[in-house]
Amino acid sequence: MSASTFKAAMIQMRSGLAPAANIDSAIRLIGEAKSAGADYVQTPEMTNILEVKRERLLATITDEDKDSSLATLRELARKLGIYIHVGSLAIKLAGERAANRGFLIDPKGEIAARYDKIHMFDVDLGNGESYRESRTYRPGEAAVLADLPWGRLGVTICYDLRFPALYRALAEAGASFLAIPSAFTQTTGEAHWHVLNRARAIENGAFVLAAAQGGKHENGRETYGHSLVVDPWGRILAEGGNEPGVILAAIDPAAVTAARAKVPSLQHGRRFELVEPAEPAHLHAVRSST
């Protein structure tokens with residue numbers, strides 16, 4: 001493997017209600033990834049706790065400065081000398097709110113980037129599943145990029161995946177790698193996970209790196225798993241199943257240049273006006289006479 005390439009590891013987890021136990025699992029899996037040669041390791045959304053009950057979540061989590069999960073993973077990154085991208089932690093904010101916050105930790109243990117999930121998962125899936133993230137979490141307001149030794153990383157989380165304009169903005173700002181750590185539901189994952197991740201890779205000519213939660217969780221929620229690494233041509237380089245574990249892929253940034261040379265859509269984007277249908281004349285007449 002040349003100096004310009006690197007090995008990425010996606011950590012698939014099944015987080016429960018106890019942050020300490022979840023972080024112990026993450027530490028073990030990150031250690032396995034390091035032993036396999038990983039330079040960049042990503043954990044899924046909600047690495048420290050997967051809890052949908054607002055009161056119980058807020059009673060368990062703490063603010064960033066006091067969060068032992070973050071401190072432990074920072075020390076681990078320093079000890080192992082690798083990038084650890086914590087997909088997200090639930091972080092307590094003022095006013096009985098939380099942040100769904102991702103952290104990129106560099107090999108010195110320093111926080112290279114923070115990102116608060118922008119898009120809130122407020123959905124009714126029609127099968128008894130209903131989620132209202134906005135009741136608990138404060139949405140982020142800024143897209144975030146970070147520079148790795150191998151290229152620029154665009155940082156996102158889970159439900160962001162359904163908003164392609166975010167990824168286009170990151171790619172136009174130079175992102176070669178799009179991080180999408182997730183906790184997709186079983187229902188939506190079966191239907192949309194693969195096609196959405198591959199679409200984000202293809203339309204932006206970028207690698208997609210997506211660590212996921214998978215399986216039946218302690219709180220009763222079921223997540224889809226299938227952590228993915230997708231190349232800029234849309235090919236799946238590595239995929240997990242439904243169980244916790246590590247998936248690895250060799251990443252060659254030259255593939256980004258090659259894909260964008262073949263289909264230079266980032267250069268072809270144009271601004272445009274939206275022309276709406278004209279109002280029927282008889283409706284205008286009725287309104288004018290009232």
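Q: Which residues do ring pairs link into a cluster here?
A: Ring pairs join F6, Y83, W150, F177 and F207 into a cluster. Rings of Phe, Tyr and Trp (its six-membered ring) pair if their centres lie within 6.5 Å. This is a predicted model, where local features need pLDDT of at least 70, side-chain atom pairs count only at pLDDT 80 or more, and totals for chains, interfaces and linings use all residues. Residues are numbered from 1 along each chain as its sequence is written, and side-chain values use heavy atoms, with hydrogens and water left out.

Q: How many aromatic pairs turn up in the whole structure?
A: The search finds 8 aromatic pairs. F121 and Y159 form one that is edge-to-face (planes over 60 degrees apart), with 5.1 Å centre to centre and 70° between the planes.

Q: Where do F121 and Y159 sit in the chain?
A: F121 is in the loop between β5 (111-116) and β6 (122-124), while Y159 is in the loop between β9 (151-155) and α4 (164-172). They are 38 residues apart.

Q: Are those two buried or exposed?
A: Both F121 and Y159 are buried, meaning under 20% relative accessible area with a 1.4 Å probe, protein chains only.

Q: Back to F177, what is it in contact with?
A: Leaving aside neighbours within four places in sequence, F177 has contacts (heavy atoms within 4.5 Å) with residues including F6, L148, W150, F207, I251 and P253.

Conventions. Phe/Tyr/Trp six-rings, centres within 6.5 Å; stacked < 30°, edge-to-face > 60°. Helix = DSSP H or I, 4+ residues; strand = E, 2+ residues; numbered from the N terminus. Buried < 20%, exposed > 50% of the residue type's maximum accessible area, 1.4 Å probe, protein only.
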